[in-house]
Amino acid sequence: MHEVIQFDNVSFRYPDDDDWIFEDLSFSVGSGEKVVITGPSGSGKTTMLYLCNRLYPENCDGIVKGTVTLFDKESKSYSPGEVNHRIATVFQDPDAQFCMLTVEEELAFTLENLKVDRAEMDRRIQDVLELTGLTNFRHSVIQQLSGGEKQRIATACALIMEPEILLLDEPISHLDPYTAKQFIIWLDELQRKRSLTVLAIEHRLDLWGDFFDREIQLEQTASAIPMMKRASSKQESQALKANRVSTDFLKEVSFTLNKGEVTVLAGPNGSGKSTLLKALCGLIPANGTVHPSHVGYVPQSPEFLFVTKTVREEIAFGGGTTADELLERLQLTKVADAHPFAVSHGQKRRVAIAAMLCDGREIIMMDEPTSGQDAASMVELFRLIDERAKEGTTFLIVTHDMEFAFHVADSILIMKDGALTGKFNADEVWRDVKLLASHRLLQPKGWVDRELCFA
């Protein structure tokens, strides 16, 4: 098999750091292979991907030892942009790669950079929209779409270049379970048709089945103690009441949450989950009334919260006294003095979560907190939520990770098309296959295994 990517004893670090992100990394990827890169959060997986597409080291003044070879040519010998149409990337945070207002304009911008004739543009845009199931989004404003929809658009922008190599940084992290499954099936068919080489970073391999040919581990992931299903700590007193909350997209939403209750907000991509969280926090104009007390909010893009120059300062910014404990428990001690913008995506998310946990918020709302997290980080997040809930903190968590939801949730709010279907006891949702399917959700493996045990 002909090698299209080759790393020979590659080490990388930033100029201001003494420690290498990774050292003496060697591997190769053959043409048409499907390879997954795994390793703990912060081990350098995204950095490695950026070396494959030549974003690094030129765009970050990084220091590289060893040799990176792309298509039989040393990476550093390519002129700017020379190889990028052959290697397309879908970033972990899709917002980081959008430049234009609408989907059509973004796709056209990509083709303009490749100097595609205008007469050819419309056909290629139409073809890739049909291929990715995004035809109805052609004239949509990108920043008005959900995180999952943005992820699919970013993939379309990569594919419209007709690349030979597709680099994916956690491509299903923002997709609902059903859409994630469909994405994987679709990607598998596409790879076969075009003989694409796929190199992907992924923490959650359960949905991928046998898609990947092999796995490369950057570091051995520490084995995590399996999560147990937590006992409810829901109290009688009310913590939050939403009364007929609505926006231009949201239909009237009403529900209550009690002290110590852990509630998961679930539903298909584009159903209004993130919009509801923002409305409840007063971040966007909304009708109706909300009666919360002391609310903390962790958005999908956690860097929007950052206001200080180090991770330690960021966590302690609200005046809490548990910053050092949270640094250790959320595996952030090694980056405590780093700038919050300079750490990995998973670490950024944990910094934002730690900041909300540190200063005693009575209600904490999190949007996709498990994205970019390895197994050990997930378990510690589970423990922190359980401990704080027992102390009376109320949690409202948007997630597509049904395994995490199964272990942590007392109750489930389910949304679809901007409307709240209802609030349910968690076990009631897990056993209702039709309810799950109608909202593009899948039964968690933990529930299925438990049911088999009691059968």
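User: What makes β4 and strand β5 (residues 73-74) a pair of strands?

Analyst: In this predicted model, β4 and β5 are linked by two bridges and run in the antiparallel sense. Pairing requires at least two bridges, so the two strands qualify. One of the contributing positions is threonine 69, whose bridge partner in β5 is glutamate 74.

User: How do you know that strand β1 (residues 3-13) also pairs with strand β4 (residues 63-70)?

Analyst: The two strands are antiparallel and are joined by seven bridges. The requirement is at least two, so β1 and β4 count as paired. Within this arrangement, arginine 13 stands opposite isoleucine 63 in β4.

User: How does arginine 440 fall into its accessibility class?

Analyst: Arginine 440 has a relative accessible area of 32%. Buried residues lie under 20% and exposed ones over 50%; 32% falls in between, and arginine 440 is therefore partly exposed. The residue sits in the loop between α13 (433-438) and α14 (445-454), and its phi is positive, about 60°, although it is not a glycine.

User: What makes the bond between tyrosine 56 and proline 57 a cis peptide bond?

Analyst: The omega angle of the bond joining tyrosine 56 and proline 57 is about 10°, and the bond is cis. It deserves mention because most peptide bonds are trans. Proline 57 is placed in the loop between α1 (45-52) and β4. Arginine 54, which follows α1, has a positive phi near 70°.

User: Why is α1 described as mostly covered or mostly open?

Analyst: Seven of the eight residues of α1 are buried, and buried means under 20% relative accessible area; α1 is therefore described as mostly covered. The buried residues are Lys45, Thr47, Met48, Leu49, Tyr50, Leu51 and Cys52.

User: How do you know whether proline 171 is buried or exposed?

Analyst: Proline 171 has 1% relative accessibility. The limit for a buried residue is under 20%, so proline 171 is buried. It lies in the loop between β7 (165-169) and α5 (177-194). Beyond its neighbours within four places in sequence, proline 171 is in contact with Gln151, Phe183, Ile201, Glu202 and Trp208.

User: Which residues have the most contacts inside the largest nonpolar core?

Analyst: They are Ile315, Phe395, Ile412 and Trp430, in a core of 51 residues. Helix α9 supplies its largest share, eight residues. Isoleucine 412, leaving aside neighbours within four places in sequence, is in contact with Thr263, Val264, Ala266, Gly422, Lys423, Phe424, Ala426, Val429 and Trp430. Apart from this core lies another, of 42 residues, including Val36, Ala108, Ala154 and Leu166. In soluble globular proteins, nonpolar side chains tend to be buried together.

User: What makes up the lining of the second largest cavity?

Analyst: This cavity, with a volume of about 30 Å³, is lined by Leu330, Arg350, Ile353, Pro369, Gln373, Ser377 and Leu381. The elements giving two or more residues to this lining are α9 (345-358) and α10 (375-390). Four of the lining residues are nonpolar, two polar and one charged.

Methods. Residues numbered from 1 in each chain as written. Predicted model: local features only at pLDDT ≥ 70, side-chain atom pairs only at ≥ 80, totals over all residues. Heavy atoms only, no water. 1 Å grid on protein atoms, 1.4 Å probe; cavity = no way out; pocket = protein on both sides within 12 Å on 5 of 7 lines; lining within 4 Å. Points joined across faces, edges and corners; volume = space filled by probe spheres on them. Helix = DSSP H or I, 4+ residues; strand = E, 2+ residues; numbered from the N terminus. Nonpolar A, V, L, I, M, F, W, Y, C, P; charged D, E, K, R; others polar. Core = buried A, V, L, I, M, F, W, Y, C linked by side-chain atoms within 4.5 Å. Buried < 20%, exposed > 50% of the residue type's maximum accessible area, 1.4 Å probe, protein only. Contact = heavy atoms within 4.5 Å.
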